Amino acid sequence: MEPSRVENELVMLPGPVTVSPRILRALSKPIINHRGEEFAALYRECVELLKYVFQTRNDVFVLSGSGTCAMEAAVGNVLGIGQGGKAITIVNGKFGERLKDIADRYGVAVPVEFEWGLPIDLEAVKSVLEEEEDVRTVTMVHNETSVGMLNPAREIGKLARKHDALFILDCITSIGGIDVPVDKIGVDIAIVGSQKCLGMPPGLSAVSVSERAWEVIEENGKKVPYYMDLKAYRESFEKGQTPYTPALPLFFALREALEIIKEEGLENRIKRHKSMAEAVRAAVLSLGLKLFPKLNEFSEYSNTVTAVCMPNGITDAQLRGDMKRLGIVIAGGQERLKGKIFRIATMGNISARDVLTVIQALEIVLAKYNVIEGVGAGVEAARKALGL
Ligand SMILES: Cc1ncc(COP(=O)(O)O)c(C=O)c1O
C-alpha cells in the first residue's frame, strides 16, 4: 500500500484525538495579556464550564501541562514532599502504575495491584484499608486507558470515605465522555486531560479540589511541588490568573471545546460516547475478535477506548501500519501489552462517520492478511448498533 498522503489523518488514539476545526481556529487567536481583564474573563468562563463537565461545586483549576502534570499535582499536594504521607494506590493498568510511581516519589505508596486488564477486587482494597493505618489518600484510574476498562469509582469512593482517606481519581479519559459526577461520588481530587474526551489538543489539564482535600493540602505548607502548588493556583484564581504564564492559545481552545460540550449537552455527549463505543465493540465481536479486559460485576468496558486482543495471522506493525496508510491512526498496546492488543478510541467530537470509517478500514486490513474472509460484517454490526 502507498503511504498515506492525507494531511488530516483520522486520529482514533486514546489521546491525542482528532480536533474539530472550530477548536483549531480558536488556537490562532492573537495573544492577550495574561495578567489582564480579558484573560481573567476567559479563565473564569473556562472554570465555570469545567465545573459543569466535572459535575462539581469544588474549586477547579487549569494547569498548563498534560494529564501527568495534574496527576503529580494531586498526589504531590496531598502527600507532601517527604512527609511520610501514605497512599493506597490501586493498579490494574499502566496509568494506575503511574499514580503509584508518583506516590512513591512524594510519600509512601501501598499498592493494591491486579494483572493489567483484570478487574479491581473490592475485597482486596477493603482489607488493605482495614490493615493500614494513617492512610491519607486512595488513588485510582477511573477509565484505565491502557486496558480499555472502567473501574468502580463509586465503590472505591465509598470505601475511601469510610476510612477517612481522600479519594484521588484520574478521570483523564473519562470526564467529558463518561458520566463522572464528581460531587456525588465524593471525589476529592478529580483530574482531566485536554486531549481526550474534551476533544482539544494536548497541553492542558484540570483538577477539582474538595474542602476535605484543602485541609490536608494546607497542612503540607511549602512541602509540595513548586510549579503545581495548588494553594498558589487558588490564590491567583481570585484575580482570574494562573501563578505562572498560562499556555494562552490552549485556553482559547479550551473555552471553545467546553462551549461545544455545553451546546451538545453533557448527557447527550455521554450517550454519544456510549453509542460509538458500543458500535466499535459490536463490530469487532462480529469479526470474531475478542475484547481484552476481563470484567467483574463492578467494572465495565470503557466507552472511550476499546481494547481488542491482537488476532493470530497479523502483527501490530502490519495492522496499524496498513491502517495508517489508509489515513487512520489507532493505538497499539503499551509496555507489556505491546503487540498483544490494539486500541480504538471513541473520544471527543467524533461521529458515526468516524466509527464507520475506522471499522471499514479495519476490515480491509484484516481481510488482506486473511484474518477474516471478505469485508462488510463489521460495518453492518456497527450500522445496527448505531441505529442507522
Ligand atoms: C488514564 C490516563 N491517565 C493519565 C494519562 C497521562 O496523561 P498525559 O499523557 O496527558 O500526561 C493518560 C494518557 O493517556 C491516561 O490515559
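1. At roughly what angle do the axes of helix 11 and helix 14 cross? The axes of helix 11 (residues 266-286) and helix 14 (residues 377-385) cross at roughly 145° and come within 8 Å. Here axes are lines fitted to C-alpha atoms, for helices over the stretch in contact, with angles from 0 to 180 degrees between N-to-C directions. Helices (H or I, at least four residues) and strands (E, at least two) are DSSP runs, numbered from the N terminus.

2. The model is predicted: local features need pLDDT of at least 70, side-chain atom pairs count only at pLDDT 80 or more, and totals for chains, interfaces and linings use all residues. Residues are numbered from 1 along each chain as its sequence is written, and side-chain values use heavy atoms, with hydrogens and water left out.

3. The crossing of helix 11 and helix 14 is right-handed, that is, the near helix is turned clockwise from the far one by less than a right angle. Helix 11 contributes Glu-278, Ala-279, Ala-282, Ala-283 and Ser-286 to the contact, and helix 14 contributes Ala-377, Gly-378, Ala-381, Ala-382 and Ala-385; contact means heavy atoms within 4.5 Å. By class, this contact has seven nonpolar, two polar and one charged residues. Ala, Val, Leu, Ile, Met, Phe, Trp, Tyr, Cys and Pro count as nonpolar, Asp, Glu, Lys and Arg as charged, and the others, Gly among them, as polar.

4. The ligand is surrounded by 14 residues, of which the closest are Ser-66, Thr-68, Thr-145, Asp-170 and Lys-196; a residue is included if one of its heavy atoms lies within 4 Å. This shell divides into four nonpolar, seven polar and three charged residues.

5. An oxygen atom of the ligand lies 2.6 Å from a polar side-chain atom of Ser-66. For Thr-68, a side-chain N or O atom is 2.5 Å from a ligand oxygen atom, and for Gln-195 the corresponding distance is 2.8 Å. On its own the ligand has 380 Å² of accessible area, of which the protein covers 88% (Shrake-Rupley method, 1.4 Å probe). Helix 3 (67-79) and helix 4 (94-106) are the elements giving two or more residues to the shell; helix 3 gives the most, with three.

6. Most residues other than glycine have a negative phi, and most peptide bonds are trans. The peptide bond from Gly-15 to Pro-16 is cis, with omega near -5°, and Pro-16 lies in the loop between strand 1 (10-11) and helix 1 (21-26). Asp-134, although not a glycine, has a positive phi of about 55°; Asp-134 lies in the loop between helix 5 (122-131) and strand 5 (135-141).

Definitions and conventions. A polar contact is a pair of N or O atoms within 3.5 Å; within protein, one must be able to donate a hydrogen and the other to accept it, and residues adjacent in sequence count only if both atoms are side-chain atoms.
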